Amino acid sequence: MPVPPQRPDLHCHSIVSDGTRSPTWLAQRAHERGVDLWALTDHDEVGGVAEAAAAASTLGLPFLSGVEISVTWQDKTIHIVGLGVDENHSELVEGLRRTRNGRVERGQAMAAQLEKIGIPGVWQGALKYVGNPELVSRSHLARHLVDAGVCRSMGEVFYLYLKEGKPGFVPHQWASLPDALGWIHAAGGMAVVAHPARYDLTPAQEQAFFDDFVALGGQGVEVVTSAHSPAESAHFAALAQQRGLYASCGSDFHCPEENRCELGALPPLPTGLVPVWEPLAARIRKSAPSSAAQPTN
């Protein structure tokens, strides 16, 4: 890229998955916050990319299409971001459709578990927050528990419920790592490990996972993200250098009321890393600014 971005944000969610705002609203927010390279990366869904790209184009905001794919690796759920994908590629679209299958049944099973311990109406309550009927997530159930007064915050919900070993958790078999990377590569994108510190991998598991990821053609890792402490960012910066991986960054923005980090508020990548946008320069969509649309919910 002739002018490297100064405030990139390459991890963000809309109401098409488990965010609370439209892709257009998010593009406007990113632009207002000074983001100069933005990606929409909804969970297992590319249905918001066209709207996001159009809104970004109107604003003159450089944009990368994206997706965040849920993967099951050795009984752990790990998320892989695909950046610069062709959102209309049939192999990617069909793979994501298969991955989304079962989310409704899983959500209903989680709600049923919570009802058994005395928390009624969780499923119907969660549906109020769902923008895409194919993509019901734990976040939708969690928002209901907060609004119903069961918990004080999203963090408290996930401390007490909805995660492994807690009431309301139901495991799900997501895409395999080879499948997810295959779909991303078929669609012309780059595969990036999202917020790697979140998975509580032992050092041996971390090494084994990245061995598999690199062997399958994985190319990047999120170094700076809202889920990482400075020490964790430094660790994955070193890992990126050791493994020859490109470095990415993203706020993982879902909602202004509950997010740890605003769009565009991340610190810069550590020095000495090769950022993901360099090899993706040809996939970045650009347009001259014109009259900007107003934010919408």
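Does glutamate 87 count as buried or exposed, and what is its relative accessibility? I took this as my opening entry and found that glutamate 87 counts as buried, at 10% relative accessibility. I note that the model I consulted is a predicted one.

**Entry 1: the overall chain**

I looked up the secondary structure and recorded 10 helices and seven strands in the protein chain. The radius of gyration is 18 Å, close to the 19 Å that the globule rule gives for 297 residues, so the chain is as compact as a globular protein of that length. Along its principal axes, the C-alpha trace spans about 60 × 50 × 40 Å.

**Entry 2: burial, contacts and surface**

I recorded that 53% of the 297 residues are buried. I then turned to contacts between residues at least 6 apart in sequence, and found that 75% of them join residues at least 24 apart. For the accessible surface I noted about 12500 Å², with 51% belonging to carbon and sulfur atoms.

**Entry 3: charges**

I looked up 23 positive and 32 negative charges in the protein chain, and their mean positions are 4 Å apart. The count of salt bridges comes to 10.

**Entry 4: arginine 285 and glutamate 87**

I returned to glutamate 87 and found that it forms a salt bridge with arginine 285, in which the closest N and O atoms are 2.6 Å apart. Arginine 285 lies in the segment after β7 (246-250) and glutamate 87 in the loop between β4 (76-83) and α3 (90-100), so the pair ties together parts that are 198 residues apart in sequence. Arginine 285 is partly exposed, its relative accessible area being 31%.

**Entry 5: aspartate 252 and arginine 198**

I next examined the salt bridge between aspartate 252 and arginine 198, whose closest N and O atoms are 3.6 Å apart. This pair also links distant parts of the chain, since aspartate 252 is in the segment after β7 and arginine 198 is in the loop between β5 (190-193) and α9 (203-215), 54 residues apart. Aspartate 252 counts as buried at 9% relative accessibility, whereas arginine 198 is partly exposed at 39%.

**Entry 6: arginine 152 and glutamate 156**

I found a salt bridge between arginine 152 and glutamate 156, with the closest N and O atoms 2.9 Å apart. Arginine 152 counts as exposed at 73% relative accessibility. Glutamate 156 has a relative accessible area of 19% and is buried, because the cut-off for buried is under 20%.

**Entry 7: a network**

Finally, I noted that Arg29, Arg33 and Glu262 are linked in a network of salt bridges.

How values were computed: Residues are numbered from 1 along each chain as its sequence is written. This is a predicted model: local features need pLDDT of at least 70, side-chain atom pairs count only at pLDDT 80 or more; totals for chains, interfaces and linings use all residues. Side-chain values use heavy atoms; hydrogens and water are left out. Helices (H or I, at least four residues) and strands (E, at least two) are DSSP runs, numbered from the N terminus. The radius of gyration is taken over C-alpha atoms; the globule rule is 2.2 Å times the number of residues to the power 0.38. Buried means under 20% relative accessible area, exposed over 50%, partly exposed in between (1.4 Å probe, protein chains only). Contact means heavy atoms within 4.5 Å. Accessible areas come from the Shrake-Rupley method with a 1.4 Å probe; for residues, only the protein chains shown count as cover. Lys and Arg count as positive and Asp and Glu as negative; His and the chain ends are not counted. The place of a charge is taken as NZ of Lys, CZ of Arg, CG of Asp or CD of Glu. A salt bridge is a side-chain nitrogen of Lys or Arg within 4 Å of a carboxyl oxygen of Asp or Glu.
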